[in-house]
Amino acid sequence: MDLSQVVRRLCSGKVRPHRGGSSPFYVLPPRGICEDSLFPGCTMTDWSPASWRSKPALQQPSYPSPSELEAALAELSRMPPLVSPWEADELRTQLAQAAEGRRFLLEGGDCAERFADCDPAIITDKLRILLQMSLVLVHGASKPVIRVGRFAGQYAKPRTEELETRNGITLPSYRGDLVNRPGFTPEDRTPDPQLLLRAHGRAALTLNYVRSLVKGGFADLHHPEYWEMDWIARSPLAADYRRILQSVSEALSFLENVLGIRAGELQSVDFFTAHEALHLSYEQTQTRQDPRTGAWYDLSAHFPWIGMRTSDPDGAHVEFFRGISNPIALKVGPTMTPETLQRLLDILHPHNQPGRLTLIHRFGVNRIEQCLPPLIEAVRASGKTVLWCSDPMHGNTRLTEQGLKTRRFEDILGELVRAFEIHAALGSHLGGVHFELTGENVTECIGGARGLSEQDLHRAYKSEVDPRLNGEQALEMAMLIARKMAALNRRQT
Ligand code: PEP
Ligand code: CO
């Protein structure tokens, strides 16, 4: 690739004057009132942050002491929320551009974030791997990348089984650090309302640290050496990664030294947060009205999503989400029918507001070809625009003979490649990817350039819930997707 191509890919219309380091996080939006129904919740007379309580709510823990729960929720309702409405609005604008094909969404992080992950080294490694992946994607995809972390609040997990039995003893399942503890004792597994307060605190600490790293220059694309991780030097991917760094750094120098342009977006990138908004009474405490517009936002994260198990159009989660003004995502799996999806579009996306709804599909490599096309057609028939994103992790989970959950690199890549091709063949496009990954050197998924096998899984298997790509596998995945996107771009031009 020559330098001019790299410059074009880095900028793709997004070069803007350097803004002296100011970040949209700290810029107050213009004041105004919510005049129309584009902001959900503000003009709805039949919705409130508590209206979900009149609908069936799946996957909610039952606490032994309702009064302790109420006390914890009351305290949370008085605390500052974690993010602001204008950050959520900024993300919505960027997601709208991704839906038009002008940006690409990279979403990633743990399946279940742990309180113990609120550790500077672990947080820094998570940022590093997302930054490295996004750099590779910017380079391959010809467009700016939106970075969203499954972090600073991804503490609640849906469980297929309410209860777990070991050696004849049955206890409630572990539902994430927001609810209970993974140890197998009655004390550990009893839902504890104090964990709600601790989760809010840990999420705030994590986000505070992310913001300070980003603001302090850690995410500056002029200094990708800050993101170098130990394993890169010993990795089979090292040469390819260095080539991409070299090409990005030459493009930056060309922009700045030859054209005299400061690439603002490359100087200081944004990070947004996402989690499954599963525990509705917790989410309700963070749901606040923007005094400027009257619109309601769930300010526990910028980009909450509805999980596959709680996407019933008549259920409590859909009721809660229909009234919040955040950009939202909905997971869609093999059981989603075109009819149900159309009902969900009516409820969650009635005004076709740009950037409002992302559909994250997760079928598995063997089912995507059968399941995805009817849903693409259903969205087209509705006349609405959504951002399509692929989660190639959750449909590809399998158990080893020893009973460990794992995923094969080739299945994950296989589902992604098919997702790109199916969308392209149907005149739609895949605008984002959603991974479970960590910067740590875990051995939870099989395959990748280092050829991890089932025998390697016991070495560093840390996840309490789903298996994650490790840093090296995640970067390799980004390189392979970047190659796929570059090939699709060539086909289209
Ligand atoms: C998840 O993202 O961790 C998850 C549980 O996903 P899904 O709802 O798609 O199964
Ligand atoms: Co998961």
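Buried means under 20% relative accessible area, exposed means over 50%, and partly exposed lies in between (1.4 Å probe, protein chains only). This is a predicted model, where local features need pLDDT of at least 70 and side-chain atom pairs count only at pLDDT 80 or more, while totals for chains, interfaces and linings use all residues. Residues are numbered from 1 along each chain as its sequence is written, chains are lettered from A and ligands numbered from 1 in the order in which they are written, and side-chain values use heavy atoms, with hydrogens and water left out.

**View 1. Lys-484, a buried lysine in helix 15.** Lys-484 has a relative accessible area of 16%, so it counts as buried. Its contacts (heavy atoms within 4.5 Å) are with Val-417, Phe-420, Glu-421 and Arg-491, leaving aside residues up to four places away in sequence.

**View 2. The whole chain.** The chain holds 15 helices and 14 strands. Both are DSSP runs numbered from the N terminus: helices are H or I with at least four residues, strands are E with at least two. Of the 493 residues, 60% count as buried. Among contacts with a separation of 6 or more, 77% join residues 24 or more positions apart.

**View 3. The cobalt ion (ligand 2) and its protein donors.** Donors are N, O and S atoms within 2.8 Å of the metal (3.2 Å for Na, K and Ca); water is not among the atoms, so sites may look incomplete. Here the protein donors are Cys-111 (SG), His-394 (NE2), Glu-436 (OE) and Asp-466 (OD). They lie 2.1 to 2.4 Å from the cobalt ion. Their spacing in sequence is C-x282-H-x41-E-x29-D. His-394 sits in the loop between strand 11 (387-390) and strand 12 (398-399), and Asp-466 in the loop between strand 14 (432-436) and helix 15 (471-492), so the pair ties together parts 72 residues apart in sequence. His-394 and Asp-466 are both buried.

**View 4. Helix 4 against helix 6.** Two packed helices are described by the angle between their axes and the distance between the axes. Axes are lines fitted to C-alpha atoms, for helices over the stretch in contact, and angles run from 0 to 180 degrees between N-to-C directions. Helix 4 (residues 120-141) and helix 6 (residues 194-215) pack at about 55°, with axes 10 Å apart. The two helices are therefore oblique to each other. On this scale, angles under 35 degrees count as roughly parallel, over 145 as roughly antiparallel, 65 to 115 as roughly perpendicular and the rest as oblique. The crossing of helix 4 and helix 6 is right-handed. A crossing is right-handed if the near helix is turned clockwise from the far one by less than a right angle, and left-handed if anticlockwise. From helix 4, Pro-120, Ile-123, Thr-124 and Leu-127 meet Thr-206, Tyr-209, Val-210, Leu-213 and Val-214 of helix 6. This contact has seven nonpolar, two polar and no charged residues. Ala, Val, Leu, Ile, Met, Phe, Trp, Tyr, Cys and Pro count as nonpolar, Asp, Glu, Lys and Arg as charged, and the others, Gly among them, as polar.

**View 5. Helix 12 against helix 13.** The axes of helix 12 and helix 13 are 9 Å apart, at an angle of about 40°. These helices are therefore oblique. Helix 12 passes helix 13 in a right-handed crossing. Pro-338, Leu-341, Gln-342 and Leu-345 of helix 12 make the contact with Pro-374, Leu-375, Ala-378, Val-379, Ala-381 and Ser-382 of helix 13. By class, the contact has eight nonpolar, two polar and no charged residues.

**View 6. Helix 13 against helix 14.** Helix 13 (residues 368-382) and helix 14 (residues 409-425) have axes that come within 10 Å and cross at roughly 35°. This crossing is right-handed. Ile-368, Glu-369, Leu-372, Pro-373 and Ile-376 in helix 13 meet Glu-415, Arg-418, Ala-419, Ile-422 and His-423 in helix 14. The contact residues divide into six nonpolar, one polar and three charged.

**View 7. Helix 11 and its cover.** Eight of the eight residues of helix 11 (residues 316-323) are buried. Among them are His-317, Glu-319 and Arg-322. Its cover includes helix 10 (280-285), strand 9 (328-332) and helix 12.

**View 8. Positive phi at Ala-152 and Asn-352.** Phi of Ala-152 is near 60°. Ala-152 lies in the loop between strand 2 (145-150) and strand 3 (163-166), and is buried at 2% relative accessible area. Asn-352 has a phi of about 55°. Asn-352 belongs to the loop between helix 12 (338-348) and strand 10 (357-361), and is partly exposed at 26%.
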